[in-house]
Amino acid sequence: LAIVTPITSGLAAGNPVRQSLMVGVAFSANLGGMGTIIASPPNAIAAGALRGVATVDFARWVWLGLPPALVAMLILWIFLVLRYRSSDLTDSSTSPVPAADDFHVVGVPTWQKFVVLFTFIATILLWFTQSVHQIPATVVSFLPICVFTSLGILDERDICRLRWDVLMLIAGGLSLGLAVAETGLATWMVDRLPLEQLSPVGTALGLCYATVVLSNLMSNTAAANILVPIAMVASTGFPIQTVVPLALSASAAMCLPISTPPNAIVFGTGHLRARDLAEGGLLLGLVIPAIAVGWCQWAA
């Protein structure tokens, strides 16, 4: 989002390119959670549940998860091109895209830029290597906070400028999801699925679409924790073909601003309506489970 901001800031409020870039950033972040075991918590939950029943290592997950992610990315690109058409990026409704020199900040010491760059790289590397050092991602997130505040790069005024409304939006979604799980509503909804009357493909599709619905209303990690054990029982004899698509479907829940943190962050910019997320989110939520189930039935 920070990278595309210089582009979107040069576009008029009604320019469709701005909306397409914002939606693309949020949805691509969600779809990126499908490609590897470490890309999202539901993937790790599914791989852990399959341990002892079937072997799904890093390479095999890439084989099962990356092709559906790439197909979904292509569908997303086609949707954005058709939905947010613009005759010209620099037509009369836009301002010229700012040059790189326009973003030079006067009066900021060079050493601060290097500190930010080093901290950025260190934080990303620590997130990617969590399986090696076993430091939780939430603890790693304290690194930039501590560095930037202790060195004076950020002060109390900058902290006040944080998008607290976005943070509250995310917290509200997590609270809703926790209530759905704690009250037993999620289990009640899943118990109403006629899984025993379905074929293996039908069972997988039913559980995947249930995952999409629940993940839109609660944390996809919580949804996976609820549904993966049910899928393991319901898919005796074909666990990979059911559990892996279920985990992939958890990354397909993106209809609401509270569905995922990427959605909430992009929605918090004020440049999108809830409808912008619902349209593309509904499309991907409908097609990704079918793609994932079909691919895993063949590739597993």
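I began with Trp298, which counts as exposed, at 62% relative accessibility. The model I am reading is predicted.

*Entry on the tryptophans.* I next looked up Trp295, and found it partly exposed at 22% relative accessibility. The cut-off for buried is under 20%, so Trp295 at 22% does not count as buried. Both Trp295 and Trp298 belong to helix α16, which covers residues 274-299. They are three residues apart there, about one turn of the helix.

*Entry on ring pairs.* How many aromatic pairs are there? I noted a count of three. For Trp295 and Trp298 I recorded ring centres 5.2 Å apart and planes at 45 degrees. A pair is stacked under 30 degrees and edge-to-face over 60, so this pair is tilted.

*Entry on a charge over a ring.* Which residue lies over the face of Tyr84? I found Arg83 there, at 4.8 Å from the ring centre.

*Entry on Gly280.* I then returned to helix α16, where Gly280 is also placed.

For helix α12 (residues 200-217) against α16, I noted an angle of about 145 degrees and axes 10 Å apart. The crossing of α12 past α16 is right-handed. Which residues meet in this contact? From α12 I listed Val201, Ala204, Leu205, Cys208, Tyr209 and Val212. On the α16 side I listed Gly285, Leu286, Pro289, Ala290, Val293 and Gln297. I sorted the residues of this contact into ten nonpolar and two polar, with no charged residue.

*Entry on Thr211.* Last, I looked up Thr211, a residue of helix α12. Its relative accessible area is 0%, so Thr211 is buried. What is Thr211 in contact with, leaving aside its neighbours within four places in sequence? I recorded Leu227, Leu246, Ser249 and Ala250.

Note on methods
Residues are numbered from 1 along each chain as its sequence is written. This is a predicted model: local features need pLDDT of at least 70, side-chain atom pairs count only at pLDDT 80 or more; totals for chains, interfaces and linings use all residues. Side-chain values use heavy atoms; hydrogens and water are left out. Rings of Phe, Tyr and Trp (its six-membered ring) pair if their centres lie within 6.5 Å; planes under 30 degrees apart count as stacked, over 60 as edge-to-face and the rest as tilted. Helices (H or I, at least four residues) and strands (E, at least two) are DSSP runs, numbered from the N terminus. Buried means under 20% relative accessible area, exposed over 50%, partly exposed in between (1.4 Å probe, protein chains only). A charge sits over a ring if NZ of Lys or CZ of Arg is within 6 Å of the ring centre and within 35 degrees of the ring normal. Axes are lines fitted to C-alpha atoms, for helices over the stretch in contact, and angles run from 0 to 180 degrees between N-to-C directions. A crossing is left-handed if the near helix is turned anticlockwise from the far one by less than a right angle, and right-handed if clockwise. Contact means heavy atoms within 4.5 Å. Ala, Val, Leu, Ile, Met, Phe, Trp, Tyr, Cys and Pro count as nonpolar, Asp, Glu, Lys and Arg as charged, and the others, Gly among them, as polar.
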